[in-house]
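Subject: Structure for your review

Dear colleague,

I am handing over the structure below, and my notes on helix packing and aromatic pairs follow it. Please read them alongside the coordinates.

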Amino acid sequence: MFAFDISSNVSARKIVFSERQGDSFLVELLGQGLNVSMTVSAYTDNRGLLRWLERLAACDAPWVGEDDWSTIEGEFRISAKCSTVGQVFIQVHLQALPGSVEEWRASAGIESDLGSMSRYASAARKFFTEQTG
């Protein structure tokens, strides 16, 4: 099964998307001192992350403000800002068991660039449109 990642240009940090089954997929935050994973469900918006990446990839120049996407339950949120020179700062948030005594949260930033967004969108398109077992 196909997987894709969004990798940092300045470190070994990356976010990996894999194991898609219908509306659910595994999200992993990896890097030095960081190894967090959870399966998230996009329910009726399983291509929302793809549309978000395609929107960023369509930008010919740096954009103003923050653009984000999250699952309907809020267990996964990803946002991006772009500097005037085309550095893209991606922030990823994972959360499980909200309101429980065992609730946990993890957040990490990834620095990329505007030119890489089309590559990520292309990989996401393959990931979200291929048939799953």
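Predicted model: local features only at pLDDT ≥ 70, side-chain atom pairs only at ≥ 80, totals over all residues.

The packing of the two helices can be described in some detail. Helix α1, residues 48-57, packs against helix α2, residues 117-129, at an angle of about 155°, and their axes are 8 Å apart. Because angles over 145 degrees count as roughly antiparallel, α1 is roughly antiparallel to α2. The crossing of α1 and α2 is left-handed. On the side of α1, the contact is made by Leu 49, Leu 50, Leu 53, Glu 54, Leu 56 and Ala 57, while α2 contributes Met 117, Ser 118, Tyr 120, Ala 121, Ala 124, Arg 125 and Phe 128.

I then turned to the aromatic rings, for which the count comes to nine aromatic pairs. One of these joins Phe 25 and Phe 76 in an edge-to-face arrangement, with 6.5 Å centre to centre and 90° between the planes. Phe 25 lies in strand β3 (residues 24-31) and Phe 76 in strand β6 (residues 76-82), so the pair ties together parts that are 51 residues apart in sequence. Both Phe 25 and Phe 76 are buried.

Phe 25 also forms an edge-to-face aromatic pair with Phe 127, where the centres are 6.3 Å apart and the planes make an angle of 85°. This pair, too, links distant parts of the chain, since Phe 25 is in strand β3 and Phe 127 is in helix α2, 102 residues away. As buried means under 20% relative accessible area, Phe 25 qualifies with a value of 1%, and Phe 127 qualifies with a value of 0%.

Finally, ring pairs link Phe 4, Phe 17, Phe 25, Trp 69, Phe 76, Phe 127 and Phe 128 into a cluster. Within that list, Phe 128 is also one of the α2 residues that make the contact with α1.

Note on methods. Residues numbered from 1 in each chain as written. Heavy atoms only, no water. Axes fitted to C-alpha atoms, helices over the stretch in contact; angles between N-to-C directions. Helix = DSSP H or I, 4+ residues; strand = E, 2+ residues; numbered from the N terminus. Parallel < 35°, antiparallel > 145°, perpendicular 65-115°, else oblique. Left-handed = near helix turned anticlockwise from the far one by under 90°. Contact = heavy atoms within 4.5 Å. Phe/Tyr/Trp six-rings, centres within 6.5 Å; stacked < 30°, edge-to-face > 60°. Buried < 20%, exposed > 50% of the residue type's maximum accessible area, 1.4 Å probe, protein only.
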